[in-house]
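Dear colleague,

Please read the notes with the coordinates open beside them.

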Amino acid sequence: MSEIKKKNKKRIFLIQLCIELTVFVVIISIHFIQLKREEELRTPLGQLVEVNGHNMSVYSEGEGEKTLVFLSGSETTSPILDFKSLYSLLSDEYKIVVVERFGYGFSDVVDSPRDIATVLSETRAALTKAGIEGPYVLCPHSLSGLESLYWAQQYPDEVEAIIGLDMAVPEALIDFKDEVLLNTIRNFFTRIGWIRVLPLISDMDCVKYGILTEEEKDIAHAMMYYNFLNKTVLNEFKYISQNAKTVGDGKTPQVPMLLFVSSDKLKKEWPGYIQSYVSNVENANIVQLDCPHYVHDYEYVRISEDIKKYLNEMDN
């Protein structure tokens, strides 16, 4: 290779490197500028209550004899908006509540342990501080199924029923492996703003398929950019397998259950796990849905109708 060709090749490499570094810096800069501009969008939608020295977000609407408490799955950055398509069809007959655990939605990011007992104590304290009394109909999505089952094990008088939204049972998560390196990389790219240019945002089911207004979609995006994979959520991953074992070691709670199960290929073994777990529960119904994991963002009309029917029959 001639000396001229070598110099040209080196020059092209340096130009490409400069362009890539410039793009990298521009994206980071835009991200932090936008975070500042989006502050108003991050105004809490519900009330903030003090739990263990930190703020926890609790949203409620509607009135009724039954109180439905919605608990989100892992990495759901704005539970209040994620559940809206479903609970907006229920608040005409029931009091609905969304508790955003620490690290989620408008709640604080904290360093406290994420073992199941601590998480449940925080949820119960938040409801107490918000003046919301039980018993509750728990409506967990995904990971929070563990918290709901543990709640029914430890405080059965507080749990009237469980409405599972493709919720996890112990066997589904007992072998969960925390992908530390992958999640650290994801966290890094989130913190520097690359989440804004990656396709993740377009995959938010509540935005694509739910009933959110344009303003609410902007809020959902702002919350994603701000708190996706924060340190509390990363810490939560470390406890998933341990929490699944804790719940699995306890007895299956004997409370009425209506469990909606998705056809998500990534959760293909969940129907069997759920069927096995509730096999000895007298009043447990399983409804198979043909939709992805965030069932409440797809089949919210069907689910709301089934919930009303189930709760009405439960009382008769």
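In this predicted model, 8 strands form an open sheet with mixed pairing, and their order across the sheet is β1-β2-β4-β3-β5-β6-β7-β8. The edges are taken by β1 (47-51) and β8 (284-288), each of which pairs on one side only, and, with direction ignored, neighbouring strands are turned against each other by 20° on average. Within the sheet, β6 (residues 159-165) and β7 (residues 257-261) pair in the parallel sense over 4 bridges, and Gly164 has Leu259 in β7 as its bridge partner.

Two helices lie across this sheet. Helix α4 lies across β1, β2 (54-61), β3 (67-71), β4 (95-100) and β5 (136-140), and runs at about 125° to β1, whereas α5 lies across β3, β5, β6 and β7, running at about 155° to β5.

The helices also meet each other: the axes of α4 (residues 116-129) and α5 (residues 144-154) come within 10 Å and cross at roughly 80°, which means that α4 is roughly perpendicular to α5. On the α4 side the contact is made by Ile116, Ala117, Val119, Leu120, Thr123, Arg124 and Leu127, which meet Leu146, Glu147, Tyr150 and Trp151 in α5. The residues of this contact divide into 8 nonpolar, 1 polar and 2 charged.

Notes:
Residues numbered from 1 in each chain as written. Predicted model: local features only at pLDDT ≥ 70, side-chain atom pairs only at ≥ 80, totals over all residues. Heavy atoms only, no water. Axes fitted to C-alpha atoms, helices over the stretch in contact; angles between N-to-C directions. Parallel < 35°, antiparallel > 145°, perpendicular 65-115°, else oblique. Contact = heavy atoms within 4.5 Å. Nonpolar A, V, L, I, M, F, W, Y, C, P; charged D, E, K, R; others polar. Pairing = 2+ DSSP bridges.
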